[in-house]
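The sequence and structure come before the text.

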Amino acid sequence: LVLDEVGSSSKAEDGHCECAGRKDGGGSYRPDTRPSGNRVNPEDARKMRETGLHLMRRMLAVLQIFAVSQFGCATGQIPRTLWQKDQANKDYSPLVKKLELSVEQVRQLAMKHQQEDHVISSSDLQDIPLGGRDELTLAVRKELTIALRDLMAHGLYASSQGMSLVLAPIACLIPAFTSSPQTMHPWELFVKYYNTKNGQAFVESPAHKLSQSFALPVTGGVAITPKQSLLTAIHTVLTEHDPFKRSADSELKALVCMALNEQRLVSWVNLICKSGALVQSHYQPWSYMANTGFESALNILSRLSNLKFNLPVDLAVRQLKNIKDAF
């Protein structure tokens with residue numbers, strides 16, 4: 001311990017206890033003026049750290065107030081003025097029209113196949129050359145999925161947590177930050193949803209494995225929820241495609257095929273749209289998702305909800321799996 005105002009005792013370096021002050025021969029009090037060295041009381045060190053942190057918070061608060069008043073920034077948000085370079089492509093109506101046309105194409109082909117009582121299965125496709133895949137599968141993978149991908153990608157970007165937590169109060173004052181943010185593939189949204197919902201823990205739980213083995217609901221007599229089915233589907237796609245280094249496009253195509261097979265395309269996409277944390281963190285203010293909540297697109301996709309599909313999910317990895325199995 002070191003000297004304090006009330007003259008409390010302190011322990012000397014040699015281990016003996018001495019008084020903080022001495023009395024000379026005349027009886028007068030004389031404080032001990034010997035230097036105490038560089039040692040710092042732990043309590044004083046804690047107070048110093050707290051004081052430093054308090055000063056830093058006050059400084060950032062002042063800078064934030066200045067930024068809000070002068071530039072219109074808000075904590076945790078990137079200033080809208082920094083998106084100006086990307087706003088040339090704000091018009092999303094062509095993307096909505098593209099999705100509508102692709103949905104209509106798939107709907108017509110699906111109805112045609114059902115009228116002919118001919119539903120393509122994955123076993124049927126094993127003997128079909130790559131260039132001879134059925135037109136319904138091609139329409140789903142090359143038209144519908146791409147149109148959905150482009151619309152979900154409108155205004156989508158990869159946010160930086162480091163920026164939002166540390167530099168957000170002074171983002172308006174940093175010229176280097178005015179560059180356009182990095183783009184992000186919509187499939188990554190599904191993966192982030194899977195991670196935030198602890199998808200791997202759910203899929204690998206004993207109850208879920210048992211239900212899959214015996215084709216039973218996950219929880220007793222309760223039907224599986226859209227969230228549970230989506231987590232399972234994402235896990236399946238990751239398990240089958242990641243070992244072969246398939247692209248994000250391939251994995252999204254597989255997920256869309258699974259969604260159509262289970263008649264859950266609208267509910268799965270809606271789960272992403274209703275995930276406020278994902279939308280706020282990864283969509284620009286002028287994006288289709290932020291402006292409309294994806295409502296019109298969900299209405300368009302609902303035109304496929306009553307149709308039955310049996311689309312192949314593993315087209316992107318089937319040949320590679322066959323080669324692996326051969327060895």
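## His282 and its surroundings

Apart from neighbours within four places in sequence, His282 is in contact (heavy atoms within 4.5 Å) with Gly155, Leu156, Tyr157, Ala158, Ser159, Met184, Leu189 and Lys192. His282 is found in helix α12. With a relative accessibility of 6%, His282 counts as buried; buried means under 20% relative accessible area, exposed over 50%, and partly exposed in between, with a 1.4 Å probe and protein chains only.

## Model and overall content

The model is predicted: local features need pLDDT of at least 70 and side-chain atom pairs count only at pLDDT 80 or more, while totals for chains, interfaces and linings use all residues. Residues are numbered from 1 along each chain as its sequence is written, and side-chain values use heavy atoms, with hydrogens and water left out.

The protein holds 15 helices and 4 strands; these are DSSP runs numbered from the N terminus, with helices being H or I of at least four residues and strands E of at least two. Of its 327 residues, 36% count as buried. Among contacts with a separation of 6 or more, 76% are between residues 24 or more positions apart.

## Helix α6 and its crossing with α11

Helix α6 covers residues 186–196 according to the assignment, and α11 covers 265–273. The buried residues of α6 are Pro186, Trp187, Leu189, Phe190, Val191, Tyr193 and Tyr194. These pack against α4, α7 (199–203), α9, α10, α11 and α12 (276–282). Just after α6, Asn198 has a positive phi of about 55 degrees.

The axes of α6 and α11 come within 10 Å and cross at roughly 75 degrees. Axes here are lines fitted to C-alpha atoms, for helices over the stretch in contact, and angles run from 0 to 180 degrees between N-to-C directions. The two helices, α6 and α11, are therefore roughly perpendicular to each other; that term covers 65 to 115 degrees, with angles under 35 counted as roughly parallel, over 145 as roughly antiparallel and the rest as oblique. On the α6 side the contact is made by Leu189, Phe190 and Tyr193, and on the α11 side by Trp268, Leu271 and Ile272.

Helix α10 (residues 248–261) has 14 residues, which should span 20 Å at 1.5 Å a residue, and its end C-alpha atoms are 20 Å apart, in agreement. The expected span is 1.5 Å times one less than the number of residues. Because 11 of the 14 residues of α10 are buried, this helix is largely enclosed by the rest of the structure. Those buried residues are Ser250, Glu251, Leu252, Lys253, Ala254, Leu255, Val256, Cys257, Met258, Ala259 and Leu260. They pack against α4, α6, α9 (226–241) and α11.

Helix α9 has 16 residues and reaches 22 Å from its first C-alpha to its last, close to the 22 Å expected. Its buried residues include Leu230, Leu231, Ile234, His235, Val237, Leu238 and His241.

## Arg149 and Asp249

Arg149 is found in helix α4 (residues 135–152) and is buried, with a relative accessible area of 18%. Not counting residues up to four places away in sequence, Arg149 touches His185, Pro186, Asp249 and Leu252.

The side chains of Arg149 and Asp249 are joined by a polar contact of 2.8 Å. A polar contact is a pair of N or O atoms within 3.5 Å; within protein, one must be able to donate a hydrogen and the other to accept it, and residues adjacent in sequence count only if both atoms are side-chain atoms. Arg149 and Asp249 are 100 residues apart along the chain, and their C-alpha atoms are separated by 8.4 Å.

## Two loop residues with positive phi

Gln263 lies in the loop between α10 and α11. Its phi is positive, about 55 degrees, although Gln263 is not a glycine. Gln263 is partly exposed, with a relative accessible area of 43%.

Phe294 is also not a glycine and has a positive phi of about 70 degrees. Phe294 is placed in the loop between α13 (288–292) and α14 (295–301), and at 0% relative accessibility counts as buried. Beyond four places in sequence, Phe294 is in contact with Leu148, Leu151, Met152, Val269, Cys273, Tyr288 and Met289. Of the 58 residues in the largest nonpolar core, Leu99 and Phe294 touch the most other members; such a core is a set of buried Ala, Val, Leu, Ile, Met, Phe, Trp, Tyr and Cys residues joined through side-chain atoms within 4.5 Å.
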